[in-house]
Amino acid sequence: MDTAVTVVVPVYNDPTGIAATLSSLDTQPVEQIIVVDNDSTDQTPDVVQSHDDDQITLLEEHAIQGSYAARNTGIRAADTEILAFLDADMTVTEGWLKRAVQTFQHTDADYMGCNVELTLPEDTLVGRYNARTGFPVEQYLEKEHYAPTCALLVKREVFEDVGRFDARLISGGDREFGERVHEAGYDQGYAADATVYHPARTSFESLAKKNFRVGRGFCQKQRYYPERYGKPGIPPKPSGPSGDEDSEEPDSAFTRLAFAFLSIAMLACRGLGYYYEFVFGETRDDIPAPTR
């Protein structure tokens, strides 16, 4: 693989996750790995620094709390033609980056998502539900023109043209950026054979917090982009893919009922997050909008 790639990984209070991610990257042909610590209060920075690899650079993003701000810090520090993004709790398959870059170049894409498979750190009902409704990346790209930032490759020139991620958003910045890239006319692709693994959320609390944050992000996108997402106050109707359409139905009536309950509960959490942001959220004027 001749093309140089920088991998950017934001992290916040996740020493175990970032250790697993860095270990899985040991065999990948990476020019540079930029880990951006987002003001962790635990031993996360020490774990990164203890990883014996000259390719790893540890940066800090203390001014803005948020993964998109951390990713932007990594983008500014990288100087390769292609930037790849992973989350701190993810692991990659052997040959992941080589296959991803080959597909990237073969399809002449400017922006490309990878296949994301969810793993179960522990076998819980919530974990199985989350694994079943996880990351249908190909559907996201086809129907909503974005790929999640947990497994994304982007050409540097795209950021130079359309700007970086919107650091004002607590959630949904991957979709906002992907739509911006699509509207600018760049080619988006999908690497089905470049697989990364993401641990499923296995507790009700962790999944509920995620959906609450997603709801807040919906409202924030309306606040900053009303021409694209509508005015704040009326949450958008659920649209696009919400899970793996090819996944098998649960094999028991109890599990089907439990999954139905969880689906309703997570929708309620998103609604609560939306209206929390609508009532208590404020425009983040201290954070600049994305610029070229």
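A residue is called buried here when its relative accessible area is under 20%, exposed when over 50%, and partly exposed in between (1.4 Å probe, protein chains only). Keep that in mind for what follows. This is a predicted model, so local features need pLDDT of at least 70 and side-chain atom pairs count only at pLDDT 80 or more, while totals for chains, interfaces and linings use all residues. Residues are numbered from 1 along each chain as its sequence is written, and side-chain values use heavy atoms, with hydrogens and water left out.

Let's start with the whole chain. It holds 11 helices and 8 strands, where helices (H or I, at least four residues) and strands (E, at least two) are DSSP runs numbered from the N terminus. The radius of gyration of the protein chain is 19 Å, which agrees with the value near 19 Å that a compact globule of 292 residues would have; it is taken over C-alpha atoms, and the globule rule is 2.2 Å times the number of residues to the power 0.38. Along the principal axes, the C-alpha atoms fill a box of roughly 50 × 45 × 40 Å.

How is that chain packed? Of the 292 residues, 51% count as buried. Looking at contacts (heavy atoms within 4.5 Å) with a separation of 6 or more, 80% come from residues 24 or more positions apart. The chain exposes about 14000 Å², with carbon and sulfur atoms supplying 48% of it; the areas come from the Shrake-Rupley method with a 1.4 Å probe.

Now for the rings. There are 14 aromatic pairs in the structure. Rings of Phe, Tyr and Trp (its six-membered ring) pair if their centres lie within 6.5 Å; planes under 30 degrees apart count as stacked, over 60 as edge-to-face and the rest as tilted. F85 and F159 make an edge-to-face pair, 6.0 Å centre to centre with 70 degrees between the planes. F85 lies in strand β4 (residues 82-86) and F159 in helix α7 (residues 156-162), so the pair ties together parts that are 74 residues apart in sequence. F85 is buried, at a relative accessible area of 0%, and F159 counts as buried too, at 5% relative accessibility.

Another edge-to-face pair joins Y225 and Y229, at 6.3 Å centre to centre and 80 degrees between the planes. Y225 is buried with a relative accessible area of 10%, and Y229 counts as buried at 17%.

Finally, back to F85 and F159: they belong to one aromatic cluster together with Y68, Y111, F165 and F177.
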